[in-house]
Amino acid sequence: MNRPSPFDDVRGQLGTLLPRLRRFARVITRNVEDADDLVQVAVEKALMRADQWRPESRLDSWMFGIMKNAWIDEIRARRRRSKVHAPEEAGLNVGDRSAEDRDNSLSVQAAMERLPEEQRLAVALVLIEGLSYKEAAETLGIPIGTLTSRLARAREALQAMLDDAREAPR
Amino acid sequence: MRFSDEMLMAYADGELDLVARAEIEAAMATDPELARVVERHRALRARLQAAYGGVLDEPVPAQLSSLAVAPVTAPVVDLASRRVAPSPAAQRRWVLPQWSAMAAALALGAFIGVLLLRGPAAPYEESESGLVARGDLARALTGQLASDPGAGTVRIGMSFRDRSGSYCRTFRLQHEAPLAGLACRAGEDWRLQVLAAATPEGGEVRGAAAMPMVVLQAVDIAIDGEPLDASGETAARDAGWRAVPESAGEK
């Protein structure tokens, strides 16, 4: 067989996926530096276990799964370390777009910040990255019913927070 | 017919089959409230996408794009190139306990920048069991507490016991090109487990935050339980850093 090695295969495809991996990382870490660190770590991990990726499956969901696990490990380690270590600075993504976009971006990020981790992951995969419910459930390793109810709760909470923000006096 | 909110959400997300879709669309045609709920779901999705869409247009940092196209051999840093162009990764504060490749690298010893300090005054030397601390570094590892600012070039970071019960300590060497590492007690020696380029200690970056990522990862892989506190550290030093077998009580 003359197909590329799994390593080259994964590496080749990752190049085009990077913008989306960065976006997913930004959503789940809520911090610009953490997000790129997470992408870097995930890419390194993926390349090291490229042989575990099945070419018939989606590389993006596989990567999201690696990133989710790495992030959860990181949160645990950080919690353990927090006695020694100052907490991470919060960071918001404020691009150089129009004021309206920026307002939206800020209020959405503030609302996302308040979701529980598990709901934020569901939102990131389905609503932002566009995975199907089934793909997202597989990526997170949870039943599809659990995914659906997390997503529904997250949506309800986000909607409430964003409506509040909009109605608040300016 | 009433539809659950989850069903309307699934409809808005394009998750329903043809039949269910047709049912909802028929109901929406006569029930503006239903149409409004679906529209709210769609609008929220669009808002979220807009909020994060900007990330897609940002240029990908070179350190990431180079990973995906350039050959990757090992997740270690090269001191020489880092000194020329410190990359954001140099300041990475990440720890990854289950990073298997790191564990593999540790088994071989991850020494980065070692060659730069070889010479008569080097703070370590090659022994049969690998690199061991010598000189100031060895003295500091044996005698200095983390709370001591240290008169010399060595600062101690944290001390802990590894899974085999041996004591290990992280340290920084204040040189022109600062180094940081992890050493574990082996007999009367301190065997170096990791040595890596460190970012110069500036202003607010202190303590664990000033340790390079590879050192923090090595700690996470090796550590058994929590780091020693000040009294534990003093007691361990006073006892000569003798390894404490698993679950052994105070002597």
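**Figure 1. Confidence along chain B of the predicted model.** Among the elements of chain B, the lowest mean pLDDT, 36, belongs to helix 5 (residues 79–84) of chain B, and the highest, 93, to helix 1 of chain B. The structure shown is a predicted model. Chain B has a mean pLDDT of 74, with 69% of its residues at 70 or more. Across residues 70–93 of chain B the pLDDT stays under 50, and for this stretch the model has 35 contacts beyond four places in sequence. A further stretch with pLDDT below 50 covers residues 247–251 of chain B, and it has zero contacts in the model beyond near neighbours in sequence. Where pLDDT is low, the predicted coordinates should not be read in detail.

**Figure 2. Make-up of chain B.** Nine helices and seven strands are found in chain B. Of its 251 residues, 35% count as buried. Among the contacts in chain B with a separation of 6 or more, 55% are accounted for by residues 24 or more positions apart.

**Figure 3. Helix 1 of chain B and the residue that follows it.** Helix 1 of chain B spans residues 5–12, and its buried residues are B:Leu8, B:Met9, B:Ala10, B:Tyr11 and B:Ala12. Just after helix 1 of chain B, the residue B:Gly14 adopts a positive phi of about 70 degrees.

**Figure 4. B:Arg42 in helix 3 of chain B.** B:Arg42 is located in helix 3 of chain B, which runs over residues 32–57. The residue has 13 C-beta neighbours inside 10 Å and therefore counts as partly exposed.

**Figure 5. B:Asp220 in helix 8 of chain B.** B:Asp220 lies in helix 8 of chain B, which comprises residues 213–222. Is B:Asp220 buried or exposed? B:Asp220 counts as buried, because 20 C-beta neighbours are found inside 10 Å and the cut-off for a buried residue is 20 or more. The C-alpha atom of B:Asp220 is separated by 9.6 Å from that of B:Asp162, a residue 58 positions away along the chain.

**Figure 6. Meeting of helix 4 of chain A with helix 3 of chain B.** The axes of these two helices, helix 4 of chain A and helix 3 of chain B, come within 9 Å and cross at roughly 105 degrees. Helix 4 of chain A and helix 3 of chain B are therefore roughly perpendicular to each other, since angles of 65 to 115 degrees fall in that class. From helix 4 of chain A, the residues A:Asp101, A:Asn104, A:Ser105, A:Val108 and A:Gln109 meet B:Arg47, B:Leu48, B:Ala50, B:Ala51 and B:Gly54 from helix 3 of chain B. The residues of this contact comprise four nonpolar, four polar and two charged. For the model, the ipTM is 0.82 and the pTM is 0.54.

Figure 7. Chain A contains seven helices and zero strands, and its pattern along the sequence reads α-α-α-α-α-α-α. Of the 170 residues of chain A, 39% count as buried. Residues 24 or more positions apart supply 66% of the contacts in chain A with a separation of 6 or more. The average pLDDT of chain A is 84, and 84% of the residues score at least 70.

**Figure 8. Packing of helix 5 against helix 6 in chain A.** Helix 5 (residues 117–128) of chain A packs with helix 6 (residues 133–140) of chain A at an angle of about 135 degrees, and their axes are 9 Å apart. The two helices, helix 5 of chain A and helix 6 of chain A, are therefore oblique to each other. In passing helix 6 of chain A, helix 5 of chain A makes a right-handed crossing. The contact involves A:Leu121, A:Ala122, A:Leu125 and A:Val126 of helix 5 of chain A, together with A:Tyr133, A:Ala136, A:Thr139 and A:Leu140 of helix 6 of chain A. Seven residues of this contact are nonpolar, one is polar and none is charged. An α-helix has 3.6 residues a turn, so residues three or four places apart point the same way.

Conventions
Residues are numbered from 1 along each chain as its sequence is written. Chains are lettered from A and ligands numbered from 1 in the order in which they are written. This is a predicted model: local features need pLDDT of at least 70, side-chain atom pairs count only at pLDDT 80 or more; totals for chains, interfaces and linings use all residues. Axes are lines fitted to C-alpha atoms, for helices over the stretch in contact, and angles run from 0 to 180 degrees between N-to-C directions. Helices (H or I, at least four residues) and strands (E, at least two) are DSSP runs, numbered from the N terminus. Angles under 35 degrees count as roughly parallel, over 145 as roughly antiparallel, 65 to 115 as roughly perpendicular and the rest as oblique. A crossing is left-handed if the near helix is turned anticlockwise from the far one by less than a right angle, and right-handed if clockwise. Two residues are in contact if their C-beta atoms, placed from the backbone, lie within 7 Å. Ala, Val, Leu, Ile, Met, Phe, Trp, Tyr, Cys and Pro count as nonpolar, Asp, Glu, Lys and Arg as charged, and the others, Gly among them, as polar. A residue is buried if 20 or more other C-beta atoms lie within 10 Å of its own, exposed if 12 or fewer, and partly exposed in between; C-beta atoms are placed from the backbone. pLDDT is the predictor's confidence in each residue, from 0 to 100.
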